[in-house]
Amino acid sequence: MSIFEIIGGFFILLGSIFLFLGGLGIFRMPDIYNRLQAGTKATTLGAMSVIFGVGILQLEDNWTWILKAMIILIFIAYSNPISSHALARAMYKSKRYPYIKSTDDNMDAYREINDNQSKEEKS
Amino acid sequence: MENLSFSKKAARFVLHWILLMVVWIAFTSSFATQELLVGAGVTALISILTISVFTCCELPVLCPKSIFYMFVFLFTFLFELVKSNIDVARRVLTPSLPINPGVVKFKTNLKTNFSRMVLANAITLTPGTLSLDVIDDTFYIHWIDVKTTDPEEVHKEIAEKFENILLKIF
């Protein structure tokens, strides 16, 4: 067992733990916005870590895997937040009210964007 | 930015070509002459076809200083990503689910659309924040644990460390 296999296996294990925690977060959180919060962060680092681990794992036999893994990493880091932003934007555009725990003060900015949108629809 | 001089356009074309060539070499992962020649031809064709797209956006002018700050931004970003994952793990694994969600807003100092997009993406991946919308210079953020709703304070809390680096790049 080479050193690369140990390091790569460690990264893959770490990534799968993060992916599991992301799934648990999606299960436990109360509304769509909080689910997106848990989902985006955990899947980004989880998938990045797993793919990087695969690249390290094969470093001795096929060293080119790490280059391809790097390209995939860049695309994941770039596209994942954009997709979650699109989902969140679609949710507030379709007027899903966010879950709030204690006070109503935290929602002033939300009302403001909803008002802007209603004005746009009327005009 | 259609009034760019010819030399600047040419510089961007060459830069674009080199970047695509690096991606090509990484994918084919061989230095055989035939592969390199085909790659050079194909990437040059793609650069010519897409040059109008890549000169219309306000992309940063590359110089050693901005490349250095790009690396600074990358490492800040990776550190924040790891921190936010630990934060999510802590919230999810605590039985009482310690969240206090809300929507906040702040105004940014960034001027160009491209840098605002980078800032919005970075905010999405920092601990506990998710960008809902960007209308001109106002960012609307869903915050999982609201500490303050004052725009100035929010700006200091969420965006300042990324914005300072981005202002130096662009």
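Colleague: Which domains does the domain assignment of chain B give?

Modeller: Keep in mind that this is a predicted model. The C-alpha centres of the two parts assigned in chain B lie 33 Å apart. The assignment gives domain 1 (6-56) and domain 2 (64-169).

Colleague: Which element gives the largest share of the side of chain B that touches chain A?

Modeller: The contact takes 39 residues from chain A and 34 residues from chain B. On the chain B side, the elements that give two or more residues are helices H1 (6-28), H3 (64-93) and H4 (113-124), together with strands S1 (102-107), S2 (129-135) and S3 (138-143). By class, that side has 21 nonpolar, eleven polar and two charged residues. The largest share, seven residues, comes from H3(B).

Colleague: How are H3(B) and H5(B) oriented to each other, roughly parallel or roughly antiparallel?

Modeller: H5(B) covers residues 151-169, and its axis lies 9 Å from that of H3(B). The two helices pack at an angle of about 160 degrees. Angles over 145 degrees count as roughly antiparallel. Therefore H3(B) is, relative to H5(B), roughly antiparallel.

Colleague: Which residues in H5(B) does H3(B) meet?

Modeller: H3(B) passes H5(B) in a left-handed crossing. By class, their contact has six nonpolar, two polar and two charged residues. From H3(B) come Ser66(B), Tyr69(B), Met70(B), Val72(B), Phe73(B) and Thr76(B), and in H5(B) they meet Lys161(B), Ile165(B), Lys168(B) and Ile169(B).

Colleague: How many nonpolar residues are in the contact of H2(A) with H3(B)?

Modeller: H2(A) passes H3(B) in a left-handed crossing. On the H2(A) side are Ala38(A), Lys41(A), Ala42(A), Thr44(A) and Leu45(A), which meet Leu81(B), Val82(B), Ser84(B), Asn85(B), Val88(B) and Val92(B) in H3(B). One residue of this contact is charged and three are polar, while the nonpolar residues number seven.

Terms used: Residues numbered from 1 in each chain as written. Chains lettered and ligands numbered in written order. Predicted model: local features only at pLDDT ≥ 70, side-chain atom pairs only at ≥ 80, totals over all residues. Contact = placed C-beta atoms within 7 Å. Helix = DSSP H or I, 4+ residues; strand = E, 2+ residues; numbered from the N terminus. Nonpolar A, V, L, I, M, F, W, Y, C, P; charged D, E, K, R; others polar. Domains from an automatic or database assignment. Axes fitted to C-alpha atoms, helices over the stretch in contact; angles between N-to-C directions. Parallel < 35°, antiparallel > 145°, perpendicular 65-115°, else oblique. Left-handed = near helix turned anticlockwise from the far one by under 90°.
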